[in-house]
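Please work through the exercises below with the sequence and the structure at hand. Each task is followed by a solution in steps.

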Amino acid sequence: MDQPLSPAPTTAAATRAPWWLRTLGAVIEPWLRIRRDPEHPATQIDPALPVCYVTERYGLSDTLILEQACREAGLPEPLQPLTLADLHKKRAMFALSRREGSMFQRPRARTHSETLAQLLDSVRAHPDLDLQLVPVSIFVGRAPDRQSGWFRVLFSENWVVVGRFRRLLSLLLNGRGTIVQFSKPISLRQMLVDERDAANTLRKLSRVLRVHFQRIRAMVIGPDLSHRRTLIDAVLNAEPVRAAIATAASKESVSTDKATAKARGFAWEIAADLSHPVVRSISFLLIGFWNKIYDGVRMRHFDKLREAAPGHEIIYVPCHRSHIDYLLLSWLLFQNGFVVPHIAAGINLNLPVIGPILRRGGAFFMRRSFKGDPLYSTVFREYLSQLFARGVSIEYFIEGGRSRTGRLLAPRGGMLAMTLRSFLRESRRPVMFQPVYVGYEKIMEGDSYIGELSGKPKQKESLLGVLRAFGVLRKRYGKVAVSFGEPVFLNPLLDELAPDWREATGGPDAKPAWLKPAVDTLSERILININRATDVNPINLLALTLLSTPKHAMAETDLLAQLELNRALLNALPYSDRVSITELSAAEIIAYGEKMQAIQRIAHPLGDVLVCEGKSGVLLSYFRNNVLHLFATAAWVACCFLNNRRMARASILRLGRMIYPFIQAELFLPWDEDGFAAQIEATIGFFVARGLLEPSADGRILGREPGQSDAAYQLRTIAHSMLQAFERYYIAIAALVRSGPRTLSASELENLCTLTAQRLSLLHELNAPEFFDKSLFRGFIQMLRERKVVWADESGKLDFDSALEAVTRDAKLILSREIRHGILKLTPERRESIAAENSASSE
């Protein structure tokens, strides 16, 4: 427990505040519930130095709130007198802006506080003195709680400098939702180091404090935006939009007024209409909604975001697992003192009733494709630039859509490219991309995802569908975790990739040569950092383990041992410092899985068996895929011993380096090839320590126990978690080699691989729709082309050399004879029929 700070030595002996202030403080105290940020501000203040607090604006209510907050935190009280050498002040606090004159006047603008000037003069005159200046921001009614009423949101915190009566109403209605933010203290002695001019130091410190308070207010309340109509007028008056309007009028042979009206319609269709009362009302409703469907919402590493955010333009880039993602993230940010970001939403969500609510909650809408309509594209880009110029935080999903498999999807760079181009035009503040991992234990869209992966068409969003979705309120979905990954700062990244990027500023249509490589690198780092913030829940571990068995079933004793091994592996070889792992024991994980109905128990006299059958097994593959990247290295090492009792360490490393680029591209792993090799060595060391592998005397050969042993069973279970990925790679390579060079195009190979995987899934009961996911084959084929393993000839057919055939020979070390036999049974006649089908479909 933190100890209260003792009064500073230079402060007068404990003197009580005037009786009338103490009386007013006692009167309003029942109306206040203060949340301090940080919770223990005393830890950042030196108890040996005197303290003076500074607030943005003067207000009697703010003074009383600060007094109570300091008293509760064990800090020096602001209403006690402050003595600093020969300077005597009635209070140890002051405000940058102070109301003067009659009570109906507004605070007048001023360049500095007289108290601040006096404090600087006193420290300057006495070289042995110092003073800690603590900036304090106070927000009343920032986040209404479950007991808040609808009327209260009208009097919560905003940018308007309100009068005394409105402040009184705000205090009475929303005082129990008050936030007091203590910033790190400023040493006045440090401010005087290398001082040249006293007046300049005063102006500098005043400016620093004003900017600091503006940044904190913008972070908590959001930027002071103009009316939506004003923003749209700014978009239409921008030079790129005017030029696009003129081009559209000429191309379509219409008047400029008609083209302008069309552009204005686009802008109204796109633009958000953020309403703070609506945001607070939605926040109020969501508290009950979360309590109804979830057993808890966990938030990880938010303190690191709070530390990095001030002074940055924040772009939130979460993974996209469910429609709940953006509601959950916005709600958490708002509840924890951050402004709700503007969210890029698909136009399919602009439904009657729902669309206007989302728009007032910060959503701006975009079409799925900008192709064929340059006017719309220009209007959208300019709208994004205007948001950027106004310092609005933004949120979008770089995967493009929701993941149906639980894996991160290949990034789409459109929004990132527009963000970078806007940054070049309006680089007023540094930009910070904040990756966010969202992890569920059960998802609402599970049934529809299974249907879509099985070939059913995606259901179009509709108002009726939304009304039907209220049925989710009858179910429970366990816990959900939101974890903030390591941010990606744009300036250092551009300095690394294009040192001369600052010279590229200019027209809105400028596309410097480094733009696409920068977008590709940025998107990859974002997805890597999302994976590095994974929250491993009990359902993830159960799914990973049970789905690695042929019948999706395990004896309880085996399941307990495998869960303990997987948890030990994650703890012994940390993937990153932001990965969090469930604290439940193996037995508690099983009990939790039964409670969530993710697994079923079959009682048996010789020992119970845990299974996941039918649809539940397919659904669990989603949660296995959430964490597959964490076990990729271990799975690779274990795969090397599926069909081999012994294997040379050098062969494991050689094959690992060969396969790694493809695993890395699919799972967005963080290492280079040398880093992956180091992970392989560390994993081998873990397996040896656990008795799963045994090295030879010189360490060059590794061996496992016989197949019927517990150690071999555990290795086999780990291996099967990634085996389907290696089988997919072999399907593509074997199909290409067996067809011969310059025979198949990339699209023909993709279709052939998908059909082959579907056939194998039927023959070997691989009940996992992502095994034949066409996008995964497409990504693998693209990686083969990028690494020059295959290339297209002048007719678009894929060519390769003998090196690819060597890869198929190495596959026997990993894949079973049955799987290889099923793949190699593809006949020329079947390939010809597939080619004929492709030809007919293209016609």
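The model is predicted, so local features need pLDDT of at least 70 and side-chain atom pairs count only at pLDDT 80 or more, while totals for chains, interfaces and linings use all residues. Residues are numbered from 1 along each chain as its sequence is written, and side-chain values use heavy atoms, with hydrogens and water left out.

**Exercise 1.** Determine how helix α21 and helix α22 pack.

Step 1. Helix α21 covers residues 556-572 and helix α22 residues 586-595; helices are DSSP runs of H or I with at least four residues.

Step 2. The angle is about 115 degrees and the axes lie 9 Å apart, the axes being lines fitted to C-alpha atoms over the stretch in contact, with angles from 0 to 180 degrees between N-to-C directions.

Step 3. The two helices are therefore roughly perpendicular, a class that spans 65 to 115 degrees.

Step 4. On the α21 side, Leu559, Leu560 and Leu563 are among the residues that meet α22, where Ile589 and Ile590 are included; contact means heavy atoms within 4.5 Å.

**Exercise 2.** Classify the pair of Trp290 and Trp331.

Step 1. Rings pair if their centres lie within 6.5 Å, and planes over 60 degrees apart count as edge-to-face.

Step 2. Trp290 lies in helix α10 and Trp331 in helix α12, so the pair ties together parts 41 residues apart in sequence.

Step 3. Trp290 is buried at 3% relative accessible area, and Trp331 is buried at 14% (buried: under 20%, with a 1.4 Å probe and protein chains only).

Terms used. Angles under 35 degrees count as roughly parallel, over 145 as roughly antiparallel, 65 to 115 as roughly perpendicular and the rest as oblique. Rings of Phe, Tyr and Trp (its six-membered ring) pair if their centres lie within 6.5 Å; planes under 30 degrees apart count as stacked, over 60 as edge-to-face and the rest as tilted. Buried means under 20% relative accessible area, exposed over 50%, partly exposed in between (1.4 Å probe, protein chains only).
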